[in-house]
Amino acid sequence: MRDVLGGMTRPVLAIALLAAAVGVAAQDFPVDVPGITADPGRPPPVGLLLPEVQQPELVTPLAILDRLVVPGTRLQLEWRPPGGISNAEIASPVVVARGAMPGPVLCLTAGVHGDEINGVEIVRRLSHGIDPTRLSGTVIGVPIVNVFGYSRGSRYLPDRRDLNRSFPGTRQGSIASRIAHGFFQDIVRHCDMLVDFHTGSFARSNLPQVRADLTNPDVIEFSRGFGATVVLHSPGNKGMLRVAATAVGIPAVTFEAGAPTRLEPAEIAQAVAAIERLMVKLEMQEDPNAGIAPPLDVAAIALVAPEPPPIFLDSRWVRANSGGLLISEVSLGQRVLAGQRLGRVIDPLSNVQRYILAPVAGRVIGMAQNQAVLPGYAAFHLGTETSEQQAVSEAAKPHAPEAVAEDSDERPETAKETDGEDFE
Ligand SMILES: [Zn+2]
C-alpha cells in the first residue's frame, strides 16, 4: 500500500482526493473519510480514500446435486452413489435449507450405519424443522447415508463392509469405497463443518456424547458449541467420516446417542437441543432466550441461563470377568462411587453369580444391554470429569491411552485386548 501511494504523482493524488470529496458530498449521511487523519505518520491506503459503504453480503443460490437452492428456501433432493450402484435401491434423501442470511454450511449426517436410527430421526427433525427465512447460513441434512443398510436393518453395506471405515473413498475401489467417494465429493465437499450421528453398537447404549479429536484446534473450538454435552477425546479410526472430513479442513465430530435398532425419545430430544445450541453459538439462528428479562425466582433463572459449558470426560471400560447372563444394576447417565456394584453376571450352569464393581467413581456414559456375555466382555463405560485444558493436554501426549478406542472393522469378539468397545 505504502509503495503504491508513494509512487503516485501529486496531481493523481489530488484527483483521488477530489473524487473522494465528491463521493462524500453524494452521501446523505455523515461519513468520516477513514485513515486520513487517524495516523499522520502513515499515509492512507489508496482504496480507502473513497468513503466506505457497508454492502450487505449477498447470499447466492447453492448449487448442489445438479440443482440450485435459492436463499430462504428448503429443497429435498436425492443422492445416489455413482456408477449405478444403487439403481435398484431407494435414493438417499438430502434436505438443504439455504438461509436467507449469510453464514456457514453445517452438515448433519446419520445412518452411515444403517441400524442406528436415532440419528435418522434427529437429522430428519432438525433439517425439516429449520425456518430457512430466519437462518444465517445453510444446513445440509442427510438422515440416511447408508440406504442399503437402513433398508435391511443392518449396520453394514451389502458386502459386509463398514461404510464408516471407507471415507474419503476412491473412484475405482470396493463398493464401500466408491459409495464413500461419491458421498464425499457430492455432499461433504460443500460443508464448512459436520456432525455425524451414531449410536452405541452391538447391543450397547451411549449417553448422548460428542466424540472429538482434541488434538485439532478447529475441532476443539467446534466441540465447545454443543452446550452441556459430554465431550470425549477420540482421535478416531482411519476411514471414519469425521476423520476424513477433518483431514480436508472441515471440522467434524461424531455425536453418539443411545442404542442401535430402536428409537429413543429422550436421547433424540437431547441431541436435537444440542444442535440447536450449536446453531445459536455459530450465529446461524437467534438465541430463543435473547431479549427475555431474567426472571426473579431461581428455578426460572436456570431455564434462561447462558449456554452451559461442555463436560469433558476421561473414560475407561469395565469388563465382565466371567461368562453368563449380564444383568445391570445401574442406568445410563447414573453417577457411581468407586466400589459400587454396576451389575452381575449369573452363570446359569453353575448357578454362581459374580458382581461387576466400579473401579473408580464416575458416570455411566455407555453400557451393554442385558444379555449373555463371555468373560472379557466390555459391559460398562465409565467417564470421570476433567477440564477442557486437561483433556486437551492428555490428548496431545504421544502415547496417551485412547479415551475411546474404536475398532478397525472388527467385531467386538475379535477386538484386541487394549481396544475399547465403542464402534462409531
Ligand atoms: Zn455407528
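Residues are numbered from 1 along each chain, following the sequence as written. Because the model is predicted, local features require a pLDDT of at least 70 and side-chain atom pairs count only at pLDDT 80 or more, whereas totals for chains, interfaces and linings use all residues. The protein chain has an average pLDDT of 83, and 76% of its residues score at least 70, where pLDDT is the predictor's confidence in each residue, from 0 to 100. Over residues 1–38 pLDDT stays under 50, and the model has 28 contacts beyond four places in sequence for this stretch; two residues are in contact if their C-beta atoms, placed from the backbone, lie within 7 Å. Residues 400–419 likewise stay under 50, with 35 contacts beyond four places in sequence.

The secondary structure of the protein chain comprises ten helices and 18 strands; helices (H or I, at least four residues) and strands (E, at least two) are DSSP runs, numbered from the N terminus. Of the contacts in the protein chain with a separation of 6 or more, 66% are between residues 24 or more positions apart. Buried residues account for 41% of the 424 residues in the protein chain, a residue being buried if 20 or more other C-beta atoms lie within 10 Å of its own, exposed if 12 or fewer, and partly exposed in between, with C-beta atoms placed from the backbone.

The largest nonpolar core holds 92 residues, of which Cys107, Ile140, Cys191, Leu194 and Ala379 touch the most other members. Helix H8 (residues 265–281) gives the most to this core, contributing six residues. Such a core is a set of buried Ala, Val, Leu, Ile, Met, Phe, Trp, Tyr and Cys residues joined through C-beta atoms within 7 Å. When residues up to four places away in sequence are not counted, the contacts of Ala379 include Val318, Leu326, Gly343, Ile356 and Val373.

An open sheet is formed by four strands in the order E15-E14-E12-E17, with antiparallel pairing; two strands pair if DSSP finds at least two bridges between them. Strand E15 (352–357) and strand E17 (371–373) stand at the edges with a single partner strand each, so one side of each is left without a neighbour in the sheet. From one strand to the next, the twist averages 35°, the axes being lines fitted to C-alpha atoms, for helices over the stretch in contact, and the angles running from 0 to 180 degrees between N-to-C directions. Strand E12 (residues 324–328) is joined to E17 by three bridges, and Gly324 stands opposite Val373 in E17. Strand E14 (residues 341–347) pairs with E15 over six bridges, with Asp347 opposite Val352 in E15. The hairpin of E14 and E15 has four residues between the strands, and Asn351 there takes a positive phi near 60°.

Phe197 lies in strand E7 (residues 193–198) and counts as buried because it has 28 C-beta neighbours inside 10 Å. Its contacts, not counting residues up to four places away in sequence, include Thr109, Ile122, Phe255 and Ala271. Phe184, in helix H5 (residues 175–186), is partly exposed, with 19 other C-beta atoms within 10 Å. Phe184 touches Phe167, Pro168, Gly169, Arg189 and Ala244, not counting residues up to four places away in sequence; the C-alpha atoms of Phe184 and Phe167 are separated by 7.4 Å, although the two residues are 17 residues apart along the chain.
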